[in-house]
Amino acid sequence: MGLKADELNVGDSYSEVIVEDLTRTQIVQYAGASGDYNPVHSDEKFVTEVAGYPTVFAHGMLTMGMTGRMVTNYVGDGRLTYYGVRFVNQVWPGDTLTARAEVAEVREENGQTLVDLTISTTNQDEKFVLTGNATARVD
Amino acid sequence: MAVERFPVEASHILMFARSIGDSNPIYSDESHAADTEAGSIIAPPTFAQASAQFDPDYFLRPKDGQKWFGSGGTASGTLAKKQDEDDSKSDDEKSGSSAGGLHAEQHFTYHRHLKPGDVLSAETKPGESWEKESKRAGVLKFSESITEYRDQDGELVVTARSVGVVTEKVIEQ
């Protein structure tokens, strides 16, 4: 099930809280699933004593993955043709993140109807942690 | 990065979906997925990144016969080592997400969605590099890499563009 083009308007939006009180456990879980064992994400001793950050922080790709869940919940499964983001601020344990998609354009390309979405994810201080775009096939 | 063989498996998709907190049955339940438009379990949109598990040269991966990084009794990691080795590394190794550097951007173009049973290969080529001045982290050195994922029939399935950044100093909070 995808979105219906004739029911979409520029400016329509959809949002979800994608994580509440992000845990170190989930960051470690993402490291294991993705294979990205960069010690800045899981090794408290390294990140504070060597790298110089206050504590471990989330993989950008974890935020992109969780934001992607909001996007696929909105556009439907297997509908994305493009999903791209910039990581604009770090995400820390304890953060609560809200991801939002807004309809930027509905258009035709090669016989397909597509929706372009503007994506953003903010933390509990309403600071952007991720900004991006997605394109999905619609009915 | 070159990955010769990245077998896409249902249990890996399940673990990956769990790690991003996504309980959508399209990622785990075959009978549910069979009745959907996709027709089978598919992988979440960012799953291709887990190809790192199958990249023999991925520098954050444990390798047979070599001590892995990580703090035991004392702090250890890849940051100091990375700086020492920086000059000897190819642009390819320096680009994208890496320890000592941070991930700045990630883009995926889907030609089709991945599903269990796919056996992918991936080739990464360096893209552009550029510098920017930042108040919070000094000089930022960006480098781009493009990865093409192909399936068992040689068809292009996902194109990924990654931008990594090495900061002059730790980002001020």
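The questions and answers below concern the sheet, the contact between the chains and the salt bridges.

Visitor: On what conventions does the discussion rest?
Guide: This is a predicted model, in which local features need pLDDT of at least 70 and side-chain atom pairs count only at pLDDT 80 or more, while totals for chains, interfaces and linings use all residues. Residues are numbered from 1 along each chain as its sequence is written, chains are lettered from A and ligands numbered from 1 in the order in which they are written, and side-chain values use heavy atoms, with hydrogens and water left out.

Visitor: What pattern does chain A follow along the sequence?
Guide: Helices (H or I, at least four residues) and strands (E, at least two) are DSSP runs, numbered from the N terminus. Chain A has 3 helices and 5 strands. Read along the sequence, their pattern is β-α-α-α-β-β-β-β.

Visitor: Which strands stand at the edges of the sheet?
Guide: Two strands pair if DSSP finds at least two bridges between them. The open sheet has 10 strands with antiparallel pairing, in the order 1(A)-3(A)-4(A)-5(A)-2(A)-2(B)-5(B)-4(B)-3(B)-1(B). Each edge strand has a single partner strand, so one side of it is left without a neighbour in the sheet; these are strand 1 (13-19) of chain A and strand 1 (2-7) of chain B.

Visitor: What is the average twist from one strand to the next?
Guide: Axes are lines fitted to C-alpha atoms, for helices over the stretch in contact, and angles run from 0 to 180 degrees between N-to-C directions. From one strand to the next, the twist averages 20°.

Visitor: Which residue is the bridge partner of Tyr83(A) in strand 2 of chain B?
Guide: Strand 2 of chain A and strand 2 of chain B run antiparallel and are joined by 5 bridges. Within strand 2 of chain B, Tyr83(A) has as its bridge partner Phe108(B).

Visitor: At about what angle does helix 3 of chain A run to strand 1 of chain A?
Guide: Contact means heavy atoms within 4.5 Å. Helix 3 (residues 60-75) of chain A lies across strands of chain A, including strand 3 (97-109), and also across strand 2 (102-110) of chain B. Its angle to strand 1 of chain A is about 140°.

Visitor: What area is buried between chain B and chain A?
Guide: Buried area is the accessible area (1.4 Å probe) that two parts lose on being put together, summed over both. The contact takes 52 residues from chain B and 44 residues from chain A. Carbon and sulfur atoms give 55% of the buried area, which is about 3900 Å². Of the area that chain B buries against chain A, 14% is supplied by Ser19(B), Ile20(B) and Glu37(B), more than any other three residues.

Visitor: Which residue of chain B forms a salt bridge with Arg79(A)?
Guide: A salt bridge is a side-chain nitrogen of Lys or Arg within 4 Å of a carboxyl oxygen of Asp or Glu. The count between chain B and chain A is 2 salt bridges. In one of them, the closest N and O atoms are 2.6 Å apart, and the partner of Arg79(A) is Glu37(B).

Visitor: Which residue of chain A forms a salt bridge with Arg79(A)?
Guide: The count over all chains is 14 salt bridges. For this pair the closest N and O atoms are 2.9 Å apart, and the partner of Arg79(A) is Asp139(A). The pair links distant parts of the chain, 60 residues apart: Arg79(A) is in the loop between helix 3 and strand 2 of chain A, and in the segment after strand 5 of chain A lies Asp139(A).

Visitor: Where does Gly154(B) take a positive phi?
Guide: Strand 4 (residues 138-150) of chain B pairs with strand 5 (residues 156-167) of chain B in the antiparallel sense over 11 bridges. There are 5 residues between the strands, and Gly154(B), with phi near 80°, is in the hairpin of strand 4 of chain B and strand 5 of chain B.
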